[in-house]
Amino acid sequence: MAAKKSGSRLETEIERCRSEGQWDRIPELVRQLSAKLISNDDLGELLLGEAKLQQYLKENPIKQGYSPRGARPQLVEVRKHLTAALDRGNLKSEYMQEAHLLMAKLSYVEGDYREATSIYSRVGLDEVQLVGIPMYRLSMIAEAYATKGLCLEKVPVASPVSNRNTDRDQEIITCYEKSGDIALLYLQEMEKALSTGLHNRSPKPGPVSQEQELGYFLETGLQRAHVIHFKNGNLTRGVGRFREILRAIETRTTQNLRMTIARQLAEILLRGMCEQSYWSPLEDPPHPSPLDDPLRQASRAKDYALSRRPRVYSGESIFCPQENTEEALLLLLISESMANRDAVLSRIPEHNNDRIISLQSASVVYDLLTIALGRRGQYEMLSECLERAMKFAFEEFHLWYQFALSLMAAGKSARAVRVLKECIRLKPDDPTIPLLAVKLCIGTLHWLEEGERFAKMVVDMGEKASEFRAKGYLAIGLVYSLKASDASLRGMQEEYQKKALGAFQRAQSLSPTDHIAVFYLALQLAVSRQIPEALGYVRQALQLQGDDAHSLHLLALLLSAQKHYHDALNIIEMALSEYPENFILLFTKVKLETVCRGPDEALLTCKHMLQIWKSCYNLTNPSDSGRGSSLLDRAIADRRQLNTMTLPDFSDPETGSVHATSVAASRVEQALSEVASSLQSSAPKQGPLHPWMTLAQIWLHAAEVYIGMGKPTEATACTQEAASLFPMSHNVLFMKGQVAELRGNMDEAKRWYEEALSISPTHVKTMQRLGLILHQLGRYSLAEKVLRDAVQVNSTAHDVWNSLGEVLQAQGNDDAATECFLTALEMEASSPILPFTIIPRTL
């Protein structure tokens with residue numbers, strides 16, 4: 001009785017060692033087993049043969065493209081042990097099956113593929129039971145199916161008939177799919193046993209291996225089937241196989257495999273499958289599928305059954321994707337989580353290879369995430385994902401650069417510039433990186449000093465920058481041009497304008513076929529009021545790029561400066577035929593139509609702009625009170641898609657491009673408008689401000705047209721629509737002052753103008769109107785000061801010079817007044833319908 005119990009314990013220990021791959025302990029356990037019963041000699045031979053074969057494979061691992069080298073001394077010993085066990089015929093039937101499976105595996109390792117295939121045919125591999133067997137036998141059966149598939153791939157088909165080839169391919173695929181399913185079942189059972197501490201109750205517990213190694217055969221069984229599907233042009237079955245593996249309950253051993261498969265499936269979904277050919281994981285694939293090669297005949301469904309299958313995730317609340325990008329994103333987020341969890345961050349030399357592999361794996365996941373999220377415009381989410389990648393990013397340019405680009409796309413410009421600085425440190429000879437930084441600095445950030453430093457980096461590269469050197473001079477020219485607009489002293493303005501012209505000329509000489517360099521040269525000449533020269537260069541720009549919207553716009557403004565309003569309107573209409581949704585062109589059209597065709601035509605254009613705005617941006621106007629509804633159609637739609645919309649930034653329909661003061665003013669306006677909106681309990685504006693700013697400007701243009709028609713009621717209604725969007729905007733407050741003036745209420749107008757100037761102290765139009773009201777109220781000294789400040793801000797504003805002349809004349813200073821009137825006439829002779837600076841100056 002005691003001997004039987006001892007033997008049972010010994011067999012349990014042997015079974016545990018076989019399951020956990022502790023082959024070095026098997027010889028000692030076999031000696032103990034042989035001492036108990038002589039009839040165990042055959043089993044001992046089997047165990048020794050298996051242990052030596054596995055030990056050989058551990059010391060000489062099989063890799064992809066393996067070439068057998070015949071029988072080795074170690075393998076000769078293995079064959080002796082297995083032959084002895086088989087020849088005597090004393091083994092139980094299940095051990096006899098195991099011996100045959102090991103003999104077939106040995107034949108494969110030695111390169112005798114026909115012999116291995118013959119053994120598998122004799123043993124009846126498909127008849128081997130999976131229920132109620134030890135865990136190690138599941139591993140043996142899974143390896144046997146994989147080995148059979150490998151042998152079938154090596155052995156040529158006897159007949160070259162097409163049907164025979166198809167049948168052979170299907171048999172090979174079935175072997176690999178069975179191997180993969182049984183391997184997953186084995187790993188799940190092992191995980192379950194380890195987690196319940198089953199083996200720790202054995203009499204002589206050895207060290208429990210927490211990390212199972214797949215080995216070549218199990219890994220082949222899990223990974224080879226879908227490769228053959230794809231090779232045969234059967235994308236549908238390949239995707240289905242990927243999904244089957246991923247739906248199986250995860251184990252620690254399969255984590256890396258799952259991450260690889262998830263990444264590969266995501267790549268197929270993103271690059272090889274469109275929305276029309278997608279099917280949900282819980283649905284049957286379409287037949288015939290547009291994904292498959294029509295010239296290949298392949299089975300659509302499994303043609304085998306297993307008595308046990310791997311457990312899969314199931315439940316009522318499990319998420320199931322409904323489109324290809326959704327499934328790809330889910331897979332990539334899972335892969336990203338696993339990559340971050342298993343990241344190797346140690347910099348010691350011993351971990352160098354592991355760290356490189358970990359980085360490469362994570363980089364592929366983040367690149368695919370960039371594709372998936374970029375397609376949906378989800379740059380905010382992408383930047384958050386790439387921020388998590390920074391743990392890998394020490395001295396890794398690619399991840400830093402991707403992070404910077406995602407921040408740019410998400411509108412996080414300030415942070416993007418800081419990340420680009422690190423990119424410049426990692427790759428100092430790449431001129432495109434500082435150029436991207438300049439683009440951000442001269443845009444909404446308005447960091448002109450920083451922008452100048454980045455631009456000079458490109459210029460200082462000299463010949464290294466090659467064709468980008470011209471872009472460097474272009475960037476410097478834009479910085480100086482914007483500095484000239486910001487300068488409060490005329491001397492500084494002229495100095496920066498001269499520097500800007502020089503930089504643009506240098507850019508144009510380095511790249512004479514670049515229409516952008518010629519265009520900005522023309523624009524700078526126009527801002528400097530050198531109209532004939534500007535006309536020559538803008539025509540040259542149009543010869544290089546005839547459909548450039550900004551060049552056509554500048555040509556129209558130059559024609560309007562020469563008072564050729566009808567020609568200018570024709571140019572604008574021609575440009576709008578190419579760019580019908582360009583709001584800056586439409587604003588100019590409203591101004592020109594007011595002059596050329598009357599206010600009624602201008603109002604129709606305003607109505608058309610609202611319709612375009614509605615079609616471009618699926619948003620809801622937060623003020624749906626009905627004001628202005630009898631004047632123009634209201635823009636009403638769903639606002640949920642706002643996050644993907646952007647517009648070129650122009651802060652003011654009158655004063656044009658962004659200035660340092662207007663940047664500050666816009667931030668004040670935004671804060672005050674949000675407070676005012678919350679007090680009015682109106683719906684908050686979501687997403688970027690540009691679409692809402694555009695809508696407000698449409699209403700303000702309509703209000704201005706009504707003021708020109710002498711209709712204060714309609715102008716008030718339009719102004720209120722703009723005020724519901726930005727109640728504290730200086731443009732809105734200025735328009736309220738205009739309406740009050742039209743009604744003859746000068747004190748109210750003065751109050752509105754003063755409020756507008758408290759938000760934007762350099763708004764020239766407001767300063768000019770306030771100066772006139774102070775003049776009418778007899779406060780000449782204060783009126784003169786306000787108007788002189790306005791001239792300091794914009795020395796080309798002819799209205800301001802004229803108003804200043806009127807104030808000086810009223811004070812009896814006729815000489816100074818005459819000079820102001822002459823300057824006003826000179827400025828008015830070259831004044832466009834809208835300031836030249838309304839055209840964005842961006843890189």
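Which residues does Ser 481 touch, not counting residues up to four places away in sequence?

## A serine inside a helix

Ser 481 touches Ala 500, Gln 524 and Arg 841, leaving aside residues up to four places away in sequence; contact here means heavy atoms within 4.5 Å. This is a predicted model, in which local features need pLDDT of at least 70, side-chain atom pairs count only at pLDDT 80 or more, and totals for chains, interfaces and linings use all residues. Residues are numbered from 1 along each chain as its sequence is written, and side-chain values use heavy atoms, with hydrogens and water left out.

You can find Ser 481 in helix α19, residues 468–486. Helices (H or I, at least four residues) and strands (E, at least two) are DSSP runs, numbered from the N terminus. Ser 481 counts as buried because its relative accessible area is 2%; buried means under 20%, exposed over 50%, and partly exposed in between (1.4 Å probe, protein chains only). Its side chain also makes a polar contact with the side chain of Gln 524, at 2.5 Å. A polar contact is a pair of N or O atoms within 3.5 Å; within protein, one must be able to donate a hydrogen and the other to accept it, and residues adjacent in sequence count only if both atoms are side-chain atoms.

## Charged partners

Side chains of opposite charge can pair when their charged atoms come close. A salt bridge is a side-chain nitrogen of Lys or Arg within 4 Å of a carboxyl oxygen of Asp or Glu, and by this rule the count comes to 48.

Let's follow Asp 181. Its side chain meets that of Arg 241 in a salt bridge (3.0 Å, N to O). Arg 241 lies in helix α10 (residues 235–247) and Asp 181 in helix α8 (residues 162–196), so this pair ties together parts that are 60 residues apart in sequence. Both Arg 241 and Asp 181 are buried. Asp 181 also forms a salt bridge with Arg 309 (3.0 Å, N to O). That pair links distant parts of the chain, since Arg 309 sits in the loop between α11 and α12, 128 residues apart from Asp 181 in helix α8. Arg 309 is partly exposed, with a relative accessible area of 36%.

## Two loop residues with positive phi

Where do we find Glu 395? Glu 395 is in the loop between α14 (379–388) and α15 (397–409). Its phi is positive, about 65°, although Glu 395 is not a glycine. Glu 395 counts as partly exposed because its relative accessibility is 40%.

His 446 has a positive phi too, near 55°, and is a residue other than glycine. His 446 is found in the loop between α17 (432–441) and α18 (448–460). With a relative accessible area of 10%, His 446 is buried.

In the model, residues 730–763 are 79% helix and 0% strand, and the end C-alpha atoms lie 8 Å apart. For residues 798–831, the span is 85% helix and 0% strand, with the end C-alpha atoms 8 Å apart.
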